[in-house]
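Open the model in your viewer and keep the sequence panel beside it. Have a selection tool ready.

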Amino acid sequence: MTTAAYKSTTHLSNPAPTLASTIRSTASHLSASLDSHPQHSKWWMRNYGIGQRKLVRRLTRGRRGGHRRLGFAAGNFPVENVRFGEGLSLTVACGPRVSLYGGRGGMTSEFHRRLAGGRGTEGEEGTLLFGRKEEEEGEEDETKLDKINPDRQISTGGHLATAACGRSDHRLVAVGTEGGMVRICDVNSRATLRSFSCSKEEGGGDRKSVRDVCWLRDGKRVVAGGDDGVLRVWNVRMDDVEVELVGHGDSVRCVTVVSYKDATKKVTQKDQAAPEVIDDSFQSEWSQLIVSGSYDHTIRVWDITDMAEAEKCTSIMNHGDPVQALLVLPPINNAYSALQNKKSKAKYDNITLLASAGGTTIKIWNPFTGACLGTYPTKHAKTITCMCLLDLLEEDEDEDDATTLPQRKRQIITGGLDGLLRIHSATPQDILSGSLPFLHGMQFSDPISALDISHDMARLAIGFTTGIVMVHQRRQMPSQEAAKKRRDPKPGTYSFFMRGAHEKSHDPDDYLLMPQKKQKLAEYDVLLRKFRYGDALDKVLETRQPQNVIAVIEELGKRRGLSLALSNRDEESLESILSFTTRFIDNPQYTPYLIGVVQILCDIYGSVLGQSAMVDELFAKLKAKVTGECAVQKMLSRLLGQIDFVMASAEMQSFENGR
């Protein structure tokens, strides 16, 4: 063993952040004071598991095909962006790299396997026969994270990734960095195909961070905005900027694209058969607008259809606060509108709307006219950082509900720095009425920095400033075809023999015998059981975890085997314990235990000093460390005496003045 094993590492100095961090929201009383809609609250807890763990277990107990929850650490940096792509793949921008989970690998991906059959299925918890055990009632331990490795990671050249957006075919990913670069990377090979710089070519390298990137509908151009307040549109086949959109007076924080059908355009056969079109759904009858939100409190709409036109900004909308997030509210499709009565049809059913979040308020805009349709407070205690839209046409209803839920669910999900996840109804009728009713919410212990929901509304991803990503998967509703295929097993088969093995017990008089799992011991614990004290101490030193080492030393002291464990050591085995003692002897948490270790080492090996240069050097370092610590303690004692003298003198003087 060498001394290199005791160099400072992140495991010893900076432990990885967990969900149970010291950051606590100041809005916990606010969350408790607002009552959720009981019907919608039950729907969210039952389908996505959004809510208190105790209530979620109670609602999902005994239900098959329950929702699944997954939590994993994407890095030690704040999660800047989460995006779902094709095949329910997840792109996470966190730290100096972009992590890709899932994708074209299907069930070979660990991310998909854990969501398909991993732990965290709330609907299948409970005390079952033949070995299934129910979790304890109460709050769930949020510090338990799943260990999931990304399928691929894209490097950003050492700069922190601030934004990432995958193309519609999920073959390319646009990544924005703090160094002012936009990289176009291949998903499969992870190679950087194009690099675009947002820095000024004149004036000496003004490197402004990119805050958001977005693909245009044709899949050939990407738009990015950053701290310099300028939006740039690049063509992936060219090296130069295609167009620069100047107008914002502060940092651009969010960029999105509004696509709509232009009735004045007609689709020709030439346009339909254009080989350069990457997105199959893109046709020439589609038009698009670029919308950007900035810290200058404004939202600008840009039309880049005509590159020769000088003024490309079509409208400017003032939010009143620094804009943090933008969300496109697509029009309701004609199929659903046909199911509605004429009286129930709203004014904005067939219009694409835009929602902006800034401060603690949400505003709804008409991006074509620039008109503000409403301002809606959200009761967030801190700034809203992200939004996403749940647009779902629910076909099946819960059997336990006495009333019927609305057929269409169109709800805005917001997350803020206060750790609150809030869900508001955003139907056209609500927008016309001038309010977005609060339906449900959940309090997290960490600030929320990113939100996204998959295209099929099956998965909701939540990113936190501590580097944690939570994925909530919606429960699967049993189809009629699956119910028909489900038949009673034939006698004599394995299924017939195992029938009822996983059924719950409904009789309170039944006695359930749970098998006890054998606890797996660590290697040093096994050696301690075999009374191999020296080998146990060497094995725990290899883990480089000071808490475990001190625990073994304390156990050896109780067994009176510490002297035996430290005896009969050669030069290499003595180096490890001396290095550990020298490193942590000045730690107040470990000092009482290591002082005894030092005394035993000096008694045993004091007579052999001078025979090994390496051991002599380690003892010299230990002596210097102890001498310095004693000097510090002596100086602190003198300082404490001086402070006591000053306090006593001041107290006597105040007493005399009082007389």
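Predicted model: local features only at pLDDT ≥ 70, side-chain atom pairs only at ≥ 80, totals over all residues.

Residues are numbered from 1 along each chain as its sequence is written, and side-chain values use heavy atoms, with hydrogens and water left out.

Select residues 210-215 and 241-246. The open sheet has 4 strands, ordered β10-β11-β12-β13, with antiparallel pairing. From one strand to the next, the twist averages 20 degrees. Strands here are DSSP runs of E, at least two residues; helices are runs of H or I, at least four; both are numbered from the N terminus. Two strands pair if DSSP finds at least two bridges between them.

Select 221-226 and 230-235. β11 and β12 pair here in the antiparallel sense over 5 bridges. Pick Val223: Val233 in β12 stands opposite.

**Stop three: Phe531.** Go to the loop between α11 (523-529) and α12 (533-542), where Phe531 lies. Phe531 is not a glycine, yet its phi is positive, about 60 degrees. Most residues other than glycine have a negative phi. Is Phe531 buried or exposed? Phe531 is exposed, at 59% relative accessible area. (Buried is under 20%, exposed over 50%, partly exposed in between, with a 1.4 Å probe and protein chains only.)

**Stop four: Arg544.** Move to the loop between α12 and α13 (546-558), and select Arg544 there. Arg544, also not a glycine, has a positive phi of about 60 degrees. Arg544 counts as partly exposed, at 33% relative accessibility.

How values were computed. Axes fitted to C-alpha atoms, helices over the stretch in contact; angles between N-to-C directions.
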